[in-house]
Structure formats: structure tokens, C-alpha cells
Amino acid sequence: HTRYWRDWSSDVCSSDLVLLVGFGMLVAGLEVVRVSPKSGFTYDGAVNGILSQLAVTGPAAVFMAAATAANVLIGAVALRFFGAAPFRGLSEMALAGFAAAVVLDAATLFLLGSVGLFGWPELLALHVAIAAGYLATRRRRPLMAAPVRVRISRPAAWWLLVLAVWAGPLIVQLASPAVPFMDVLPNHVAPVEHIRIFGSFSTLTTSPSPIYGPSRLMLGYVAFLGQLTTITSLDAVLAEAAFALPLTLFVALAVRRLAGEFFGGSASFWVLLTFPITFTFMRLPDSRGTVAVFPLAALALYTIAAELRTRHVAARRAAADPPVATPRRPDLVLTFALGAAFLVHPLIGMVAFAAAGLALFLYPADLARRLVPALAGGLVIAVPQVLTMEIGR
């Protein structure tokens, strides 16, 4: 025990030193940017920029966070109604609910938007109906497999550097009432604003942008952000900028689970310090489709990895004990993750499908029973997006 404690203390001290160096590098990097004549960055300017817009961006961030949480919760409830297993943690529930919400919002947009009824009263009534159904059946269909326990596995001081790094997109969001990149306005904001103003999306080829045609419409993105924008009554340009807050949380949860399933150990923590050098992190304030799809693609990949790990563990146990037959449910979470990824961004969704197909090719015995139905269901969900791209072309 003494040796174990000494080794553990040595590891903690080494990690503390690395994190202190990392924090020093963060401060040094900000200083390099501050003194550069090309950036025009000052600490006073950053604070004043946030304070000057906070009356607009602050409430918008709160409204979008609340609306996103409600929408994702409804998605998680719907998955339980469809027969998905109870969730084993808050991160699993959040990401699975996000995938289900994208698909459900797309279906709602087709059903109600085609007749001009995609307004906040109809959406609110639909949310209330689903919530009431869950409250009436929550004893038979609990959301969580076990009581939620929040456990901090690392010293609290270690998370300060993580928060400092991941605060970047939120600072930009609070300082800007518009998404800070020009191509997002016609490609993403315009269709969502069309939905908010008119409450309709009459055909799959509805394209209010003068620059991008229907083949560039991302139906899952438009439906999900259109629902949030409509329910909050925020202008789409402000709503999509405010979506950076929940999107940052989704990406952080997804990258942690993805690193944990693939590499285990401390990877789920350290990836939070390395992921910020990626394109996806840098584009978080834009709330663009290539970023919004990341949690969905990551959900599909780590679900497959978790299935492989579970099957290998079960095989090792079966070698020592007689195997016990266990029921295998259709993997609805994986189905919705693949389908939603394609609806939000077809190219990255196709990459997720290809990765799932490659995993099936490499491990057919382990994955066929759950992955084949998931791939088939995901393809069915992706059909509207394929039709939109073909008609628009």
C-alpha cells in the first residue's frame, strides 16, 4: 500500500507539473497574440466587447441552452418509448437524445412544416404531450439505468486549465450576436430564419438562399436549429450564434467518450487538452454543420467500439464459465446516430456509415447482429436527405 501511494503521488505530481506548464503556455500564447500588430487583441477590448453585447447574447445563450436541453430530453424520452435500453450516464443520455432530437425534428418539419404548422404553439404542444406521456409511464420506463452520481475522477484544480481552454468559443459567442463567418449566413442561417418567419417548409427543395441551391440543404441541421429558433422566438442569426454553448458541451462529451472507448485510461481527460487544436474546435462559434455533426458521428463510432469491447469481455468470461444467453435488442441509439449524422452533414455522415461498414467487415461475428439493422435503419432515415440532394442537383 505504501508503494502504491508513493507511485500514485508521483504520478499526480508529474501531471500537476505538466498542467502548470500547459497553463503557462496558454498565457504565453495569449501574450503573443496581444502584442501582434495583426490581431488587435487586448484584454480590455475583449472584456468591453463582451460587456457591450452581453445584454443581447447573454439571454440568448440561456434561452438556447434551455430549449436545447428540453429538446434533447424529449429525444431521450422518445428513444425509451421506441424500446431503447435505459441510459447508463448523463453523457450517454445527452448524446443519444441529441441524435433522436435531430431525427424527430426532421420528421416534425416534414409533417407540420409542409402545411405551415411548424410554429411555437404546435411545437410546444408536441413537447408537452411527449413529456406527459413520459411522466405517466416513468416507473415502467425510467430514463436512467441507475441513480445518477457525479464523481470527479481528477483533482478539481486540473479542470481549471480545461475550462480556460474550452471557454474560448463561449467568449466569442458572448461577444458576437451573429455567427462570425460569412458562409454560415446563407448556407445555415437563411433556411432556419425562413422556418421561424413562415412556420413552413413546403418542399424538400425549399431554399431561401440566393447563393446555395437545394443540394446544399442539410435537413437535420435546418430542422433541429429551426425548432430551437422557433420555440425561443430568437432571430436565426442570434440563435445559431448562441447555439455555440450547447454545441461546445456536446462536442466535449463526445470527444471524452470517444477517447475513453478507443484508448481507455486517462485519454478521456487528456483529449480535452489536445482536441482544441483541431478544426472542429476552432469552428465551434460558427455552429456550422461540419461541427454540429461531430457529436453524432462520434456517438456512432464509440457505440460500435463499446459493443466490440463488451463482446470481447463476454467471450473471455465464457471461456471460464458456461455462457449465459442474453437478449440482444436492436441498437436504436446507433441507428439514430448514423441517420442523424447524415441528415446534419451528408459527407461526414457518409464517413460514419463507411466506418461502421468497415467495422462490420472486420468483425462480422461480433457486430452483425446489432450493426446490420442499425445500418439499414440509418439508411432509411437518410433517404430524405438523399432525395433533396438529387432533386437539387
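Is arginine 196 buried, partly exposed or exposed? Arginine 196 is partly exposed, with a relative accessible area of 22%; here buried means under 20%, exposed over 50% and partly exposed in between, using a 1.4 Å probe and protein chains only.

A word on the model first. This is a predicted model, in which local features need pLDDT of at least 70 and side-chain atom pairs count only at pLDDT 80 or more, while totals for chains, interfaces and linings use all residues. Residues are numbered from 1 along each chain as its sequence is written, and side-chain values use heavy atoms, leaving out hydrogens and water.

**Salt bridges**

The whole structure holds eight salt bridges, each defined as a side-chain nitrogen of Lys or Arg within 4 Å of a carboxyl oxygen of Asp or Glu. Three of them are set out here.

| Aspartate 235 | Arginine 196 | 2.9 Å |

Glutamate 307 and arginine 370 link distant parts of the chain, helix 13 and helix 16, 63 residues apart; helices are DSSP runs of H or I with at least four residues, numbered from the N terminus. Glutamate 307 is buried at 7% relative accessible area, and arginine 370 is buried too, at 19%. Shared partners join Glu193, Arg196 and Asp235 into one network of salt bridges. Glutamate 261 and arginine 257 lie four residues apart in helix 9, so about one helical turn separates them.

**Cavity and pocket**

Glu307 and Arg370 turn up again among the residues lining the largest cavity, together with Thr303, Ile304, Asp331, Leu334, Leu367 and Leu371. That cavity has a volume of about 40 Å³. The largest pocket has a volume of about 1,600 Å³, and Leu90, Ser91, Arg151, Leu253 and Arg256 lie nearest its centre. On a 1 Å grid over the protein atoms alone, a cavity is a set of points where a 1.4 Å probe fits but cannot get out, a pocket is an open set with protein on both sides within 12 Å along at least five of seven lines, and lining residues have an atom within 4 Å of a point. A volume is the space filled by probe spheres set on the points, which are joined across faces, edges and corners. Helix 9 gives the most to the pocket lining, with nine residues.

**Core**

Tryptophan 166 is in contact (heavy atoms within 4.5 Å) with residues including Thr248, Val251 and Phe281, leaving aside neighbours within four places in sequence.

Notes
Helix = DSSP H or I, 4+ residues; strand = E, 2+ residues; numbered from the N terminus.
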